[in-house]
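Biologist: Could you take me through a few charged residues in this protein, step by step, so that I can follow the reasoning as well as the result?

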Amino acid sequence: MAELTPVQDFYKDKTVFITGASGFMGKVLLEKLLYSCVALKEVIIIIRPKRGKTPETRLEEMFKLPIFQRIKEERPHVLEKVTIYQGDVTFESLGLSGENLKYIVDKTNVVFHLAATLKLEGNLKDAIDMNLSGTRRTLNLAKEMKNLEAFVHVSTAFCNCDQEVMYEKIYDFPHRPEDLMRLAEWMDVKTLDAITPDLLKPHPNTYTYSKRLAELLVRDHYDRLPVIVARPSIGKCLCPKIFHTHTKTYETNGAKCLQTKS
């Protein structure tokens with residue numbers, strides 16, 4: 001067997017828990033972990049039912065996509081390392097309970113939190129619930145994990161659009177995440193929509209605004225959890241045969257994140 005790279009060695013015998021595995025970045029991450037880190041022990045993902053399809057059906061359909069082609073051709077056995085549970089970050093404990101919840105708490109070594117709504121012009125209440133409160137719920141679950149080594153929060157390079165040059169730091173913002181989560185809980189959608197334009201400034205949309213607040217929330221857990229913030233920018237295709245169609249939508253959405261209201 002070839003010598004493991006430092007990254008492969010880190011993931012050897014590790015159990016990885018991923019939220020948002022069915023999304024664009026989630027699929028890329030899942031495929032890369034399975035293909036390149038074959039010595040990892042297990043990847044646990046949560047998927048919610050959608051459009052009448054069960055999580056299991058959605059996973060089966062996902063594995064039929066071109067992005068997983070090289071795994072099916074070269075290393076089909078690694079797909080058996082994926083464990084799927086029904087879950088949703090808009091619920092406390094991510095909708096998990098009983099043995100499923102206990103298993104994740106007991107076994108997880110690394111968390112990748114990618115679940116988010118990318119609806120750039122979606123209402124603020126939904127964006128806060130998914131992108132901010134969803135992050136809080138995932139952090140709360142991570143606090144219970146007995147063998148956690150890393151919590152990776154996947155943010156976006158566009159969440160600090162008021163910075164001409166963005167460094168590897170978390171930028172302060174006048175709004176406190178806790179205040180916005182409380183506001184979204186008690187205020188109705190119509191009233192919140194009315195004040196959204198003033199709240200968002202200088203952000204062009206609810207997506208970048210809610211993701212910025214989520215970064216602050218993760219930062220405030222630095223003293224309790226091994227947190228990391230990753231900021232992807234616009235996705236580009238490096239392997240045309242497999243990923244070309246997979247990147248088109250993300251490139252378009254990434255460009256929209258840069259738009260201003262003018």
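The questions and answers below discuss a predicted model.

Biologist: How far apart in space are Lys 211 and Ser 155, C-alpha to C-alpha?

Modeller: Along the sequence, Lys 211 and Ser 155 are separated by 56 residues, yet Ser 155 is among the residues that Lys 211 touches. From C-alpha to C-alpha, their distance in space is 6.2 Å.

Biologist: Which residue forms a salt bridge with Asp 162?

Modeller: In this salt bridge, the closest N and O atoms are 2.8 Å apart. The pair links distant parts of the chain, with Asp 162 in the loop between β5 and α7 and its partner in helix α9, 50 residues apart.

Biologist: What separates Arg 182 and Asp 179 along helix α7?

Modeller: Arg 182 and Asp 179 form a salt bridge whose closest N and O atoms are 2.6 Å apart. Because they are 3 residues apart in helix α7, their separation is about one helical turn.

Key: Residues are numbered from 1 along each chain as its sequence is written. This is a predicted model: local features need pLDDT of at least 70, side-chain atom pairs count only at pLDDT 80 or more; totals for chains, interfaces and linings use all residues. Side-chain values use heavy atoms; hydrogens and water are left out. Contact means heavy atoms within 4.5 Å. A salt bridge is a side-chain nitrogen of Lys or Arg within 4 Å of a carboxyl oxygen of Asp or Glu. Helices (H or I, at least four residues) and strands (E, at least two) are DSSP runs, numbered from the N terminus. Lists of a residue's contacts leave out its neighbours within four places in sequence.
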